[in-house]
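Thanks for coming. I have one structure to go through today, so please look at the sequence and the model on the screen while I talk.

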Amino acid sequence: MRRDISQLSKENPNMVFTSIGHLINKEMLKKCHETMQKDKATGIDGITKEEYGKHLEENLEKLVERLKNRSYKPKPARRVEIPKPNGKTRPLSIYCYEDKLVQEALRRILEAVYEPHFYDEMMGFRPNRSCHKALKLLNKMIENNNTNYILDADIKGFFDNLDHEWIIKFVESRIKDANITRLMRRMLKAGIMKDYNYEVEESGSGQGSVCSPIIANIYMHYVLLWWFKEKIQPLLKGFSGAVVYADDFVMSFQYKSDAELVYELLKKRMKHFGLSLEEKKTRLIEFGRFAEANRAKRGEPKPETFNFLGFTHYCSHGKNGKFRVKRKTSRKKFSHKCKEVHKLIGEMRTLPVKEIVKKLNQILVGYYHYYGITDNSRSITSFRYRVTKSLFFWMNRRSQRRSYQWSGFLDMLTKAYPLAKTRIYVSIYG
């Protein structure tokens with residue numbers, strides 16, 4: 001059924017769906033249940049997937065009945081704070097299992113309708129898209145076009161400041177079904193439980209909600225990409241482009257005047273929709289094939305760098321001397337991961353070395369799969385070295401007597417418990 005909706009939406013760009021809520025039925029909710037992950041944190045009612053599944057048929061029948069007679073009301077989410085590398089915290093909303101089922105069904109409908117209309121530059125939380133594809137698109141946008149300036153933007157508290165009324169208006173632009181609108185409103189207004197106190201949320205879409213990614217994409221589609229591609233680009237003098245991943249985005253421009261114009265218009269655009277740019281983190285920098293030479297002529301230092309999706313991007317050259325964008329793991333991400341692994345090894349230090357190394361190899365391989373990208377060999381090699389040093393440190397803290405010398409420790413690792421070797425998994429030109 002979702003494929004049919006998606007096909008209809010694709011073939012009829014101006015179509016508005018007026019009767020689609022009935023698709024959230026027992027059959028669909030059962031399929032949602034089958035795909036939900038196990039062992040996830042529970043909401044305020046403490047019910048797990050396993051417990052809900054013990055009386056699945058009965059539970060789903062009651063849920064569908066409440067949806068039909070409009071008495072379904074989602075419970076407040078449990079709010080927890082997740083530490084961030086900068087010492088701050090990120091709020092995470094944990095929903096009750098039954099509410100997550102309804103969110104998943106709603107997500108599937110929204111995705112079926114909107115996915116055909118998202119631009120290719122929208123890379124986050126979409127089928128057959130990924131961070132690496134976003135990086136490849138950005139690389140192509142800079143290297144293959146007349147990019148001379150980069151707008152490295154950061155939206156302040158994006159998920160917390162999404163305007164509920166604008167979310168509804170954006171959804172209703174393609175789905176004018178009272179049942180869907182009612183579900184959306186109740187989901188957005190369900191509120192949170194924090195420190196045993198109930199709080200009403202007047203804005204935002206909780207991070208942790210199954211629907212948050214698609215809502216974020218719909219919001220960014222209308223607020224940013226649609227506006228930029230349909231209204232702004234035709235007015236600009238030179239090349240321009242954008243790559244968006246959730247609330248993170250980068251824009252490129254040929255002319256500084258175009259970049260400055262878009263920057264000013266963008267601030268007004270964001271404000272109109274309840275958002276704002278983080279001024280301290282949003283920068284317009286000279287970047288591209290001519291940046292180094294132009295800055296040298298003016299007696300200025302080498303081009304500035306910018307961060308996107310965990311990588312620091314910088315101007316460089318290939319072996320043939322031609323301009324290339326290169327990237328390395330951002331300092332903040334590198335430092336945070338090193339500290340995280342160092343702490344983990346400390347917690348595992350009493351386990352057998354074989355078990356510790358097995359866990360570390362899982363971490364290393366996962367790290368290489370993401371950060372093992374063209375030109376980043378040095379960073380992932382440095383990470384492996386830091387992991388080795390942390391392991392050496394903690395192995396020598398297992399008793400009062402120093403257990404290993406560095407050379408003997410490396411020899412032991414090589415022969416008995418080898419750490420996963422670095423590997424480039426992703427070609428930026430692949």
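First, the conditions. This is a predicted model, in which local features need pLDDT of at least 70 and side-chain atom pairs count only at pLDDT 80 or more, while totals for chains, interfaces and linings use all residues. Residues are numbered from 1 along each chain as its sequence is written, and side-chain values use heavy atoms, with hydrogens and water left out.

Now the empty space. Rolling a probe the size of a water molecule over the atoms shows where empty space is left. The search runs on a 1 Å grid over the protein atoms alone: a cavity is a set of points where a 1.4 Å probe fits but cannot get out, a pocket is an open set with protein on both sides within 12 Å along at least five of seven lines, and a lining residue has an atom within 4 Å of a point. Grid points are joined across faces, edges and corners, and a volume is the space filled by probe spheres set on the points. When I say helix or strand, I mean DSSP runs numbered from the N terminus, with H or I over at least four residues for helices and E over at least two for strands.

The largest pocket holds about 1,900 Å³. It is lined by 44 residues, and those closest to its centre are Lys84, Asp154, Asp247, Lys332 and Lys333. Two or more lining residues come from each of strand S1 (77-83), strand S2 (89-94), strand S3 (149-154), H9, strand S9 (306-308) and H12. For residue classes, Ala, Val, Leu, Ile, Met, Phe, Trp, Tyr, Cys and Pro count as nonpolar, Asp, Glu, Lys and Arg as charged, and the others, Gly among them, as polar. On that basis the lining of the largest pocket has 17 nonpolar, 12 polar and 15 charged residues.

The second largest pocket has a volume of about 530 Å³. Its lining has 19 residues, with Gln37, Lys40, Gly208, Ser209 and Val210 nearest the centre. S2, H5 and H9 each give two or more residues to this lining, and H5 gives the most, with 4. The classes here are 9 nonpolar, 5 polar and 5 charged.

The largest cavity takes up about 100 Å³, and among its 13 lining residues the closest to the centre are Tyr95, Met187, Leu188, Glu201 and Gly206. That lining divides into 6 nonpolar, 6 polar and 1 charged.

The second largest cavity takes up about 80 Å³. Its lining includes Tyr72, Tyr95, Asp99, Gln103 and Met187. Helix H5 (97-114) and helix H8 (178-188) each supply at least two of the lining residues, and the largest share, 4 residues, is from H5. By class there are 8 nonpolar, 1 polar and 2 charged.

Next, the helix pairs. Two packed helices are described by the angle between their axes and the distance between the axes. Axes are lines fitted to C-alpha atoms, for helices over the stretch in contact, and angles run from 0 to 180 degrees between N-to-C directions. Helix H12 (residues 331-348) packs on helix H13 (residues 353-371) at about 165°, with the axes 11 Å apart. H12 and H13 are therefore roughly antiparallel to each other; angles under 35 degrees count as roughly parallel, over 145 as roughly antiparallel, 65 to 115 as roughly perpendicular and the rest as oblique. Residues in the contact (heavy atoms within 4.5 Å) include Phe334, Val341 and Leu344 of H12 and Ile356, Leu360 and Tyr367 of H13. The contact of H12 with H13 has 10 nonpolar, no polar and 3 charged residues.

The other pair is helix H9 (residues 212-232) and helix H10 (residues 256-272), whose axes come within 11 Å and cross at roughly 135°. That makes H9 oblique to H10. Among the contact residues are Trp226, Trp227 and Phe228 of H9 and Leu265, Leu266 and Arg269 of H10. This contact has 11 nonpolar, no polar and 1 charged residues.

Last, the backbone. Most residues other than glycine have a negative phi, and most peptide bonds are trans. Arg70 has a positive phi of about 65°, and sits in the loop between helix H4 (56-68) and S1. Phe125 has a phi near 55°, also positive, and lies in the loop between H5 and helix H6 (131-143).
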